[in-house]
Amino acid sequence: MKVGGQAVIDGVLMMGKKIVVAVRKHSGEIEVRELGIPGVSQKWMRIPFIRGFISLYYSLYFGMKALNLSAEISTDEKMKKSESFFSILIAVVLAVGLFIVFPAYLTKWLGFKDNEFLFSLVDGLIRLGLFLSYVFFISLFEDVKSVFRYHGAEHKAVHTYEHNEELTVENARKYSTIHPRCGTNFVMIFLIIAILVHSLYGLLGVTMLGRIIFRIFAIPVVAGISYELLRLFDKYPKIRFLALPGMILQKLTTAEPDDSQLEVALVSLRHAIGVVDTAVVFDNNELKEKNQQTEPDIYEQPEFLG
């Protein structure tokens, strides 16, 4: 069984048999919440390219849900549904504007509008540059550095599980904060594949507005191809060097966690795979009830970007 995860505020989301988020409270206790169970059957996750977009959707959906929940637990403040909705809406609008609309018009302004391959290449390089600059900029903030440490803790926990070792802090310490199935690798592959896919639009004779629309609607296609490549890099270590750009970028998006952060990641993983940690204090009774439910089919997916 593959497991995936994502770093959140003062905690880690893990997805296995169950989808669980564990957060370190100000009191020092680890609060565990179950967000749901994977709702996609194995038969869908056996279909190449389709499973990539499904995984991306689930990653974003539960990632945002876990992020909002971790913020509430960490700050002891309940977030209104309207605040959550508008924050997601603003994030989507900014992402489309910054990484799709702005690069396209900047590329046109630079004079690369006649050759579709050159347009896509320059457009893709601008998007890649913006992404790297964005990651570097947010890494300067202390709160984000903490998230990156939890990202490293998540990877160490997954490495421990994949090496069939007992999920303890002592065992997890020795493993790397870098993982070949990390969402950072997925993003880097996505940006590169997008250049190739977008270069085909020239065959359709699209306008500037058409380029932007096609870039948005091509996201499932690019995500599907990128996911399959990510699986190949994970399955065949000999070709893993092709994922080197994403592995290098993980040096920026992950950091060495302390034992306290490792503990949170391991607690989250134990609950995600169905091994209940009796040392954890549960603040919600629903989790205990849900743990007794019949276990669903499990699907595979890449790890979330922390």
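Reader: Is the crossing of α6 and α8 left-handed or right-handed?

Author: In this predicted model, the crossing of α6 and α8 is right-handed.

Reader: Which classes of residue make up the contact of α6 with α8?

Author: Residues of α6 including Phe186, Ile189 and Phe190 meet residues of α8, among them Val222, Leu229 and Phe233. By class, this contact of α6 with α8 has 14 nonpolar, 2 polar and no charged residues.

Reader: What makes α1 roughly perpendicular to α8?

Author: The axes of helix α1 (residues 50–75) and helix α8 (residues 219–235) cross at roughly 100 degrees and come within 7 Å. Since angles of 65 to 115 degrees count as roughly perpendicular, α1 is given that description relative to α8. Arg51 and Phe53 are among the α1 residues in the contact, and Tyr227 and Glu228 among those of α8. The residues of this contact of α1 with α8 divide into 6 nonpolar, 3 polar and 3 charged.

Reader: How do you know whether Thr253 is buried or exposed?

Author: Thr253, which lies in helix α9 (residues 244–253), has a relative accessible area of 2%. Buried means under 20%, so Thr253 is buried.

Reader: What joins the side chains of Thr253 and Thr184?

Author: The side chains of Thr253 and Thr184 are joined by a polar contact of 3.2 Å, and the cut-off for such a contact is within 3.5 Å.

Note on methods: Residues numbered from 1 in each chain as written. Predicted model: local features only at pLDDT ≥ 70, side-chain atom pairs only at ≥ 80, totals over all residues. Heavy atoms only, no water. Helix = DSSP H or I, 4+ residues; strand = E, 2+ residues; numbered from the N terminus. Buried < 20%, exposed > 50% of the residue type's maximum accessible area, 1.4 Å probe, protein only. Polar contact = N/O pair within 3.5 Å; in protein donor to acceptor, adjacent residues only side chain to side chain. Axes fitted to C-alpha atoms, helices over the stretch in contact; angles between N-to-C directions. Parallel < 35°, antiparallel > 145°, perpendicular 65-115°, else oblique. Contact = heavy atoms within 4.5 Å. Nonpolar A, V, L, I, M, F, W, Y, C, P; charged D, E, K, R; others polar. Left-handed = near helix turned anticlockwise from the far one by under 90°.
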